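Okay, thanks for making time, everyone. I'd like to walk you through one model today, so let me put it on the screen.

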Amino acid sequence: MQEKRAARIAFFDAYRTFLVFAVVSLHAAMVYMAHVPAWWYVIDPERSLFFLAWVLVTDTFPMPALFFVSGYFAPLSLERRGRSAFLKDKLLRIGLPWGVGVLLFAPLFARATWKSLGLPLPSSHWAFVRTLWIGPAYQQAHFWFLGVLLAFFLLFAFAASLRRPSASRLSPLRGMLLWWGLASATFFLSSLRWHHDLWISLGPLYFQPARIVSYLAAFCLGGRAWRDGWFDGPGVGRKVLPLAALGAFLGALVVVILPFRFAQSDALGAKALRAMAYAFASLSMGSFFLLVCSAFLNRPSPRWRLLGESSYGVYWLHQMILMPLAALLVPLSFPGAVKFVVALVGTCGLCFLLTVEGLRRLPFLRRIF
């Protein structure tokens, strides 16, 4: 039964590949966006409102969708391995790359932020780590995702041992509505105390308070989707694709318009609208691209399988390639759109090659990536 179910979800390779590509494009677009935050690692003089809109759109759906995909495959992995082997696997494949990324590479990104802000830097990198990174300059760059994901896996393994089997089923529509309501409410409540883009650390974890509950809910929803067989029957993607496309368009539209309409407003109504818009855009666009993949790419493909399996390595590597490449492009007098394409395509291509020919070939690393 598990093998039959796995055969029916071949489209997740394409979906995972697209989501990681969207994340890379988000980080690349931030280099060239108008009103780029002063703390961003590389800021190019060629900036435009187009890339600001790109950032506003791609800053919604990729991460909740990645947590959903991770949650979807968690029950199968736990059933096959057992809890002890499941935890060991996640500590090796998620925990170790997270620790290496945070300890060795995140301080380099923090140093780039300090430089972008024009703040004085200590004479050595080690001095920066001791005095600033372990303190006001602390961040985990893009590796934060792995720490949060590891925490979710640990919670899932613990909760699975306590959960009683239930005969009730959750329909996809009801599940999505529940997620939208919870994501909207927690985003809004968080904004009453913190800025919606604020990052904080809680123990070893680093995350945005406005979004963390929606990520956990997406992970849980993915597990429930597996248990209730949301993708086991005949695909429904083509039947509802026009409606899903309309929803995705409206979701993209509202997250682009609202920041301009209520840019300086702290009114409760504006915060509530922003929360509902973020959740709706995340849900509508994530669902649309999932349906596209399930409708047109739901068949075994060696090419998509290789891309899907390599997406983890691409994600882990991408900022370490993207930011130096973007910095090299800064002095060149090309339009921002050209630099963006070069940075995005070059980063994805190089990260894919490094993953396939490096991370997935070396004896120890291929067990992780």
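I'll go through charge pairs, cysteines, a surface patch and a couple of helices.

Quick housekeeping. This is a predicted model, so local features need pLDDT of at least 70 and side-chain atom pairs count only at pLDDT 80 or more, while totals for chains, interfaces and linings use all residues. Residues are numbered from 1 along each chain as its sequence is written, and side-chain values use heavy atoms, with hydrogens and water left out.

Let's start with salt bridges. I'm calling it a salt bridge when a side-chain nitrogen of Lys or Arg sits within 4 Å of a carboxyl oxygen of Asp or Glu. How many salt bridges does that rule give? The count is 11.

One of them pairs Arg16 with Asp13, with 3.5 Å between the closest N and O atoms. Both residues are in helix H2, residues 11-31, and they are 3 residues apart, which puts about one helical turn between them. Helices here, by the way, are DSSP runs of H or I with at least four residues, and strands are E runs of at least two, numbered from the N terminus. As a reminder, an α-helix has 3.6 residues a turn, so residues three or four places apart point the same way.

Is Asp13 buried or exposed? Asp13 counts as buried, at 18% relative accessibility. The cut-offs are under 20% relative accessible area for buried, over 50% for exposed, and partly exposed in between, using a 1.4 Å probe and protein chains only.

Next, Arg227 and Asp228 form a salt bridge, closest N and O atoms 3.1 Å apart. Arg227 is partly exposed at 29%, whereas Asp228 is buried, at 3%. Then there's Glu357 with Arg361, a salt bridge at 2.9 Å, N to O, and Arg361 is exposed at 51%. And if you like networks, Asp59, Asp197 and Arg211 are linked in one, made of salt bridges.

On to the cysteines. With a disulfide taken as a pair of cysteine sulfur atoms within 2.5 Å, the count is 0. Take Cys293: the nearest cysteine sulfur belongs to Cys348 and is 15 Å away. Cys293 is also buried, at 7% relative accessibility. For Cys348, the nearest cysteine sulfur is that of Cys351, at 7.0 Å, and Cys348 is in no disulfide either. Cys348 is buried too, at 17%.

Now the surface. There's a nonpolar patch of about 710 Å², made by Leu243, Leu246, Phe249, Leu250, Leu253, Val254, Ile257 and Phe280. Patches take residues with over 30% relative accessible area and no salt bridge, joining like charges within 9 Å and nonpolar side chains (Val, Leu, Ile, Met, Phe, Trp, Tyr) within 5 Å. The areas are Shrake-Rupley with a 1.4 Å probe, and for residues only the protein chains shown count as cover. Which helix gives the largest share of the nonpolar patch? That's H10, residues 237-261, with 7 residues. Leu250 is in H10, and is partly exposed at 37%.

Next up, helix H12, residues 302-329. H12 has 28 residues, but its end C-alpha atoms are only 34 Å apart, short of the 40 Å a straight helix would reach at 1.5 Å a residue. That expected span is 1.5 Å times one less than the number of residues. H12 bends by about 50° at Leu317, the bend being the angle between axes fitted to the seven residues ending there and the seven starting there.

Last one: Ala65, in helix H4, residues 62-81, is buried at 6%. Ala65 and Leu290 are 225 residues apart in sequence, yet 8.8 Å apart in space, C-alpha to C-alpha.
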